[in-house]
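Subject: Handover of a structure, with findings

Dear colleague,

Please find below the structure that I am handing over to you. My findings follow it, arranged by region.

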Amino acid sequence: MKSKNIIYPSLLFTLIIIIWELSVRISNVPNYILPSPTKLTSFFLTYISTGELLINAWVTLQEIFIGTFFGIILGVFLGYLIVKIKLIERLLMPLILIIQIAPKISLAPLFILWFGLGIQSKIALVILVVSFPIMVNQYTAFKQIDIRYIELLKILKASKFQKFISLELPFAFSAIISGIKVSMTQAITAAVIGEMMGAKSGLGYLLTYGNEMYDINIILSSVITLSIIGLVLYYMATYIEKKVLYWR
C-alpha cells in the first residue's frame with residue numbers, strides 16, 4: 001500500500017513532465033514564456049551551483065523555523081490563558097479573530113514598517129499565522145475535557161500543576177500537534193508574502209526579482225524550491241505526529 005502511494009504520484013509527475021516537454025517542443029513556445037523541463041532543470045542546477053538560490057532558501061527557512069518555534073509557544077500560552085481566565089477570553093478573542101480574518105498580505109506592509117526589511121518582519125508574520133491554529137486547537141481540546149475527570153481531580157485535591165500535567169496537557173497534546181502540522185505549511189505562505197512585500201533576500205524576494213526582470217526561470221526555480229520545502233516540512237510534521245501520537 002505504501003509503495004503505491006509513492007509509485008502512482010511518481011508516474012503522474014513523470015507523465016506531466018513528458019506532456020510539458022512535448023507541448024513546448026511541438027508548439028515552439030518561447031523560453032521566456034515557458035521553458036521546457038530540460039532547459040528549466042539545467043537552469044535550476046546552475047542556479048543552485050552559484051549558491052544564490054540556496055542562500056535565499058536558507059533565509060526563508062530561518063524565517064519559517066524561528067517563526068514557527070515562537071508561534072507554537074505563543075499559541076500554547078494564549079490558548080491556556082483564554083481557557084483559564086474568562087476576562088482574557090472576552091477581551092482577546094474578538095481582537096485575535098479580527099487579526100486572523102484580515103488578509104495577511106494587508107498586514108505585511110505594517111510588519112515591514114515596524115520591523116524593517118530584514119527577517120524580523122517575516123518572523124513576526126509567521127508567528128502571527130502559526131499561533132492561531134495552535135491556540136484554537138488547544139482551546140477546543142480543553143473545552144472538551146470530560147467534567148467527570150475534573151471532578152475526580154478535585155476530590156483527590158490535585159494542585160493546578162498536577163491537573164495540568166496529568167489531565168489537561170495529555171488531553172490537549174494531540175490537538176496541539178495537529179495545529180503544528182497545519183501551521184508549518186501556512187508558515188511558508190506567511191514568510192513568502194512578507195518577502196514579496198519587501199525584503200533584501202529570501203525566495204519571496206527572488207519571485208519579485210524574477211518578475212521585475214521578466215525571467216521566468218528565476219520565478220519557476222523559486223516556486224520549485226518552495227514546493228520542495230513545503231513537501232519536506234509536511235512529511236516532517238506527519239512523521240513527528242506519528243511518532244509522538246503513536247497510539248493513534
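Is Tyr214 buried or exposed? Tyr214 is exposed, because its relative accessible area is 72%. Here buried stands for under 20% relative accessible area, exposed for over 50%, and partly exposed for what lies in between, with a 1.4 Å probe and protein chains only.

Two remarks on the basis of what follows. This is a predicted model, in which local features need pLDDT of at least 70 and side-chain atom pairs count only at pLDDT 80 or more, while totals for chains, interfaces and linings use all residues. Residues are numbered from 1 along each chain as its sequence is written, and side-chain values use heavy atoms, with hydrogens and water left out.

Tyr214 belongs to the loop between helix H9 (203–212) and H10. Helices are DSSP runs of H or I with at least four residues, numbered from the N terminus. The phi of Tyr214 is positive, near 55°, in a residue other than glycine. Most residues other than glycine have a negative phi.

The nonpolar patch

Phe65, Ile224, Ile228, Val232 and Met236 make a nonpolar surface patch of about 400 Å². Such a patch joins nonpolar side chains (Val, Leu, Ile, Met, Phe, Trp, Tyr) within 5 Å, taken from residues with over 30% relative accessible area and no salt bridge. Accessible areas come from the Shrake-Rupley method with a 1.4 Å probe, and for residues only the protein chains shown count as cover. Helix H10 (residues 216–244) gives the most to this patch, with four residues.

Helix H5 and its neighbours

Helix H5 (residues 104–115) consists of 12 residues. From its first C-alpha to its last, H5 reaches 16 Å, close to the 16 Å expected at 1.5 Å a residue; the expected span is 1.5 Å times one less than the number of residues. Lys104, Leu107, Ala108, Phe111 and Ile112 are the buried residues of H5. Seen down the axis of H5, these buried residues fall within an arc of 150°, so they line one face of the helix. The arc is taken from the directions from the helix axis to the C-beta atoms. The buried residues of H5 pack against helix H4 (86–101), helix H6 (119–143) and helix H8 (160–197), where contact means heavy atoms within 4.5 Å. After H5 comes Gly116, with a positive phi near 90°.

Leu128 is part of helix H6 and counts as buried, because its relative accessibility is 16%. Leaving aside residues up to four places away in sequence, Leu128 touches Ile99, Gln100, Lys104, Leu107 and Phe111. Leu128 and Ile72 are 56 residues apart in sequence, and their C-alpha atoms are 10.0 Å apart in space.

In helix H8 lies Ser183. Ser183 is buried, because its relative accessible area is 1%. Its contacts, not counting residues up to four places away in sequence, are Val130, Pro133 and Ile134. The C-alpha atoms of Ser183 and Trp58 are separated by 19 Å, the two residues being 125 residues apart along the chain.

How many salt bridges does the structure hold? The structure holds one. A salt bridge is a side-chain nitrogen of Lys or Arg within 4 Å of a carboxyl oxygen of Asp or Glu. The partners are Arg25 and Glu21, whose closest N and O atoms are 2.7 Å apart. Being four residues apart in helix H1, Arg25 and Glu21 are separated by about one helical turn. Arg25 is exposed, with a relative accessible area of 55%, whereas Glu21 is buried at 10%.

Helix H1 covers residues 2–27. Glu21 also touches Ser36, Pro37 and Thr38, not counting residues up to four places away in sequence. Between the C-alpha atoms of Glu21 and Pro35, 14 residues apart along the chain, the separation is 8.7 Å.

With kind regards

Technical notes: Helices (H or I, at least four residues) and strands (E, at least two) are DSSP runs, numbered from the N terminus. Patches are made of residues with over 30% relative accessible area and no salt bridge: like charges are joined within 9 Å, nonpolar side chains (Val, Leu, Ile, Met, Phe, Trp, Tyr) within 5 Å.
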